[in-house]
Amino acid sequence: SSGGCLHPKVTRERTDLNRMVTAPKTGKCYCRGRLLGKGGFARCYEMTDLSSKRIYAVKVIPHSRVSKPHQKEKIEKEIELHKSLSNKHIVKFYHNFEDDENIYIFLEHCSHKSLAHILKARRTLTEPEVRYYLRQIILGLKYLHVRDILHRDLKLGNFFVNENMEVKVGDFGLATKLLPVDQRKRTICGTPNYLAPEVLNKQGHGPEADIWSLGCVMYTMLSGRPPFETSDLKDTYRCIRAVEYSMPSSFSAAAKDLVSSILKKNPEQRPTLDAIMHHDFFTKGFIPDALHPSSCLMVPELNIPTPT
Ligand SMILES: CC[C@@H]1C(=O)N(C)c2cncnc2N1C1CCCC1
């Protein structure tokens with residue numbers, strides 16, 4: 001059939017059987033659709049529940065890709081952690097099951113992909129847009145931190161944007177429960193984009209390291225490039241340890257002040273999530289209630305109310 005599971009005009013006989021997946025416990029049938037991309041051990045697809053027609057973003061992990069015990073444990077930890085979360089600004093975890101070939105993780109479908117895709121199309125975002133997106137990311141991160149959960153890989157590619165242009169923090173592959181300072185893992189795991197100096201110095205990852213990443217995300221959305229990007233990884237690490245970066249003159253005074261207050265070498269000097277939300281950058285600037293999907297591709301016309 002022409003690439004679909006059920007060709008509209010034709011009955012089940014034409015169903016493309018190797019696109020069909022049946023959940024063992026519920027017997028629900030799903031049809032695999034478009035490949036969304038790859039993420040870790042998974043090939044990710046759109047999958048449609050044939051009875052409800054609901055579309056999911058599904059991580060499909062072949063058993064063969066997680067044959068070693070520690071790999072399987074990583075997936076099980078991600079599922080167990082993500083399954084326990086429920087918040088407007090966190091990617092919704094629906095369900096998971098296995099069949100003979102794969103492990104399936106059914107997540108909320110986000111039709112506008114991620115902030116990485118939007119920034120790539122736009123190059124930079126305006127300050128009102130950055131306030132709009134960052135506010136939702138901070139609310140999601142606050143939900144995690146009050147539950148002593150660290151994300152540990154905050155980056156534009158992990159902020160997913162749904163049909164209504166709402167932002168959802170996703171990918172809990174590196175997330176973990178906060179441990180007392182002395183019990184923290186000191187090895188750098190995965191490829192966290194925005195590593196904080198203390199993580200590089202193997203002091204372990206606390207909530208302050210997630211805040212550091214937020215500062216890097218804010219800088220990147222406004223300027224179009226990461227604060228500590230160089231052509232050589234070792235040089236990037238030196239810049240991070242020295243907190244050496246240039247502040248674009250295009251940033252507003254409030255944006256400059258907030259970024260520099262977050263990108264502090266000493267984690268204790270960084271602002272809390274509440275302090276960030278109460279910073280002039282947010283309180284003295286216009287925050288749109290909603291963004292039009294066109295802002296994925298072009299600078300939006302925002303009717304910014306002038307203070308009377
Ligand atoms: C399913 C994995 C991941 C994701 O976590 N969500 C929520 C998502 C939601 N909607 C679209 N894509 C999503 N992705 C993409 C797929 C390829 C790489 C990351």
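## A first look

Is Val217 buried or exposed? Val217 counts as buried, at 0% relative accessibility. Here "buried" means under 20% relative accessible area, "exposed" means over 50%, and "partly exposed" is what lies in between, using a 1.4 Å probe and protein chains only.

A word on what you're looking at: this is a predicted model, where local features need pLDDT of at least 70, side-chain atom pairs count only at pLDDT 80 or more, and totals for chains, interfaces and linings use all residues. Residues are numbered from 1 along each chain as its sequence is written, and side-chain values use heavy atoms, with hydrogens and water left out.

Val217 sits in helix H5. Helices (H or I, at least four residues) and strands (E, at least two) are DSSP runs, numbered from the N terminus. Setting aside its neighbours within four places in sequence, Val217 is in contact with Leu134, Leu154, Lys155, Leu156, Phe159 and Tyr194; contact means heavy atoms within 4.5 Å. Thr308 is another story: its C-alpha atom is separated from that of Val217 by 33 Å, and the two residues are 91 residues apart along the chain.

Now hop over to helix H3, where you'll find Gln136. Gln136 is buried too, with a relative accessible area of 5%. Not counting residues up to four places away in sequence, Gln136 touches His89, Glu166 and Val167.

## Where H5 meets H7

Helix H5 covers residues 207–223, and its axis comes within 8 Å of the axis of H7, with the two crossing at roughly 150°. Those axes are lines fitted to C-alpha atoms, for helices over the stretch in contact, and the angles run from 0 to 180 degrees between N-to-C directions.

Who does the touching? On the H5 side there are Ile211, Trp212, Gly215, Met218, Tyr219 and Leu222, and they meet Ala255, Leu258, Val259 and Ile262 in H7. Sorted by class, this contact has nine nonpolar residues, one polar and no charged ones. For that sorting, Ala, Val, Leu, Ile, Met, Phe, Trp, Tyr, Cys and Pro count as nonpolar, Asp, Glu, Lys and Arg as charged, and the others, Gly among them, as polar.

## Arg270, tucked into a loop

Follow the chain on to the loop between helix H7 (253–262) and helix H8 (273–277), and there is Arg270. Arg270 is buried, with a relative accessible area of 6%. Its side chain reaches the backbone oxygen of Glu208 at 2.9 Å, and a polar atom of that side chain lies 2.8 Å from the backbone oxygen of Lys264.

Beyond residues up to four places away in sequence, Arg270 touches a list of residues including Ala196, Pro197, Ile211, Trp212 and Ile262.

Most residues other than glycine have a negative phi. Lys53, in the loop between strand S3 (42–49) and strand S4 (55–62), has a positive phi, near 70°. Asp148 also has a positive phi, about 60°, although it is not a glycine. You'll find Asp148 in the loop between helix H3 (127–146) and strand S7 (149–150), where it counts as partly exposed at 39% relative accessibility.

Technical notes: A polar contact is a pair of N or O atoms within 3.5 Å; within protein, one must be able to donate a hydrogen and the other to accept it, and residues adjacent in sequence count only if both atoms are side-chain atoms.
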